[in-house]
Amino acid sequence: MTGVPLRKRVSVKTLLLVLLCGWLFAALLGVLLQFGLDGQSASVGDALLERNAETASANAVTSVVVSYRGFDTLGEVTVLFLAATGIGLLFGGRRPADGGILGASGTPPNEMVVTGVRLLFPILILLGVYVVLHGHLSPGGGFQGGVIIATAFFLRMLADPAFRLEHGRIGLLESLSGSGFVLMGLLGLTLVGTATFLGNFLPHPVAEMGRLLSAGVIPIIYSLVGVKVGAEVAAIFGDMLERDARQSADPPVEASDA
Amino acid sequence: MDSLALAVALPLLAALLATVWPARATLLGLLGALATAAAALMVITEVWEHGQLSTALGGWDIPLGIALAADGLSAALLAMTALVGLAISLYAAAYFDGRQAMHFWPLWLLLWTALNGLFLAGDLFNLYVTLELLGLSAVALGALGGDRAAVAASLRYLLVSLLGSISYLLGVVLLYTAHGSLDLARVAAALQPGPVAAAAMTLMIGGLTMKAALFPLHFWLPPAHASAPAPVSAALSALVVKAAVYLILRLWLDLFAPLVTTGAAMLLGGLGAAAVIWGSWRALHAERLKLLAAYSTVAQIGYLFLFPPLFQATPPGPGRDDLLAALVLMILTHGFAKSALFLAVGVIQKRSGHDRIAELGGTAQRLPATTFTLGLAGIALIGLPPSGSFTGKWLLLNGAFASGQWGWILVILTGTLMTAAYVFRVLSRAFNLEPTPPGFVTDARTELPALLLAAIAAIGLGLAAAPLWPLLGGGEDGT
């Protein structure tokens, strides 16, 4: 125990705030437990499964993510893009004020990591691409596969300090795949057959369901999502990891052009 | 052609293209701004002709797909966003250069995407997505200045914004569990008063008041808005805060209409009144022009929350329509006036290197047009005729008279006087080159009698005119 008296260690304001949050949580829990509405949300779920064949996507979750609520997915991917940009702004454009957190560039990675990553890297890339491309057939898809691909590159960065992601190229991938998503949506809007934003304008006969080339635009959009998510998550990893190395290598970026 | 989808897709596409080609970001950004404004104009003309618009995206009807919808309220806010957005874009093209321009344009166009998406969304979860998009882009833009104060304020803004969104999302989860749909109109039709709906309402509106910076949850706003670059401050104060207010209004009037009680309305009204007084007071004592403008936003948001108790007390009919029109008018006027104010302050700051009010002397001689802008924006903030907020406040006062809620009248009048005080404080500094005299009264014996006479003429006779009637009519038929 330290010699600091209790009232100095616990601030009253914080304590009150914690109590308030606890009370709110208990109240919400009370509502949930007392009026738990199990099974009442079946209406959308049933309608969704009934009409899933219309998308010709064997994976009903993918139908929801890319087709029914594709507009939300476009938003979510953009949120991720913003998060990556924000982290890039915070970590990239600024000198570390009080020194780096990790001395990552100081200690070389050990043999286990290097060998393990050498084995894992191609497998992870392959798995990631598989998961992305089979999003409309099996569990997984652009988000999951994209993160797997990003993880592969993250491991590579850990194992090989000389390996750098080219920020320009990553940014290009991000924006091109994002623009591709929007353009697919606009194509759906302009083509006469669908005439609705993000409409599935490619032929998607139900008979083809379960094949790799089926479900119209769904696999295309999901692949774009995969590229985008992969590039964004990899950029976030890269920004956090390379912060020290880049600061020491490059001359400090001018930050006073306000 | 589906103008609703275009209004969201075009700025998003422009933002991504500006990232692809950073060297031409400014040009692409300006083109994107024009295209977005044109799409907004299309939506507005269609709403003008048909009254209501809605579309189901991806060709899936409502319980499965997502609807975009527009009515008069969203069209009005869309129009404000388009005009203010165009002005900010033009200003920013001259304000930012180099690295900052490269970062500004994508973020600003994404902010615009989020705003249009939020005004047009007809789906509770889609609204959450646009809220997140809006919050994140606003935070990133706020940190663009790059100094320590701006980053600290932005991080605080980020935490508040995320807390508000999570709270909103919890409410959406409750509603979805109870009614099995996320569509705004469907949930509104199915909603029944009860603990689940009440909890959802509290969570959603509570989270949004945090984003709308309603007193006492406004603590994050002044540092965040005051430390951002001028065009960003203008967008944050005029548009981003309004988006949260719009959503509260949408939920209050459309979704939770059978649920809202007088008590809840009075609570919002009371907090709004406190915001008017506290925000104006702090603005009156601010030392920096941007901080003054930020506290003024807190106060002006307060006025908007005086409306719920009046809505509650006014039965549907012309009176209520007037109130709604007044509310929208005040939102629009503040949007234009506050963005003008921030942009003008940006000019002053760039020219003289600071925005300390005490050292503004001579601004009127050096920057006449900018000072005139300050004056015009001030007129709109105070609510002098013929500004939009004059009509808005007039209708607000009428509503308060009609429903007998006298307390609000006192708040509105006090707030207006304080607004006049802080606006004239800035203007008087801007006009004089000399340091001001130390005291208010320099020669008490000669100045006070004149002051007294002027006060009687200006204030006394108006307020205490009642005895004149019995006096003239022989004391019998006084009114």
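Q: What should I know before I start?
A: Residues are numbered from 1 along each chain as its sequence is written, and chains are lettered from A in the order in which they are written. Because the model is predicted, local features need pLDDT of at least 70 and side-chain atom pairs count only at pLDDT 80 or more, while totals for chains, interfaces and linings use all residues; side-chain values use heavy atoms, leaving out hydrogens and water.

Q: Which residues touch the most other members of the largest nonpolar core?
A: A nonpolar core is a set of buried Ala, Val, Leu, Ile, Met, Phe, Trp, Tyr and Cys residues joined through side-chain atoms within 4.5 Å; buried means under 20% relative accessible area (1.4 Å probe, protein chains only). Here the largest core has 203 residues, and Phe197(A), Leu124(B), Tyr168(B), Leu251(B) and Phe256(B) touch the most other members.

Q: How much area is buried between chain A and chain B?
A: Buried area is the accessible area (1.4 Å probe) that two parts lose on being put together, summed over both. In this model it is about 4700 Å², with carbon and sulfur atoms giving 74%. Arg69(A), Phe71(A) and Leu82(A) supply 14% of the area that chain A buries against chain B, more than any other three residues.

Q: How many salt bridges are counted between chain A and chain B?
A: A salt bridge puts a side-chain nitrogen of Lys or Arg within 4 Å of a carboxyl oxygen of Asp or Glu. The count between these chains is one. Asp123(B) forms a salt bridge with Arg69(A), their closest N and O atoms being 2.6 Å apart.

Terms used: Buried < 20%, exposed > 50% of the residue type's maximum accessible area, 1.4 Å probe, protein only.
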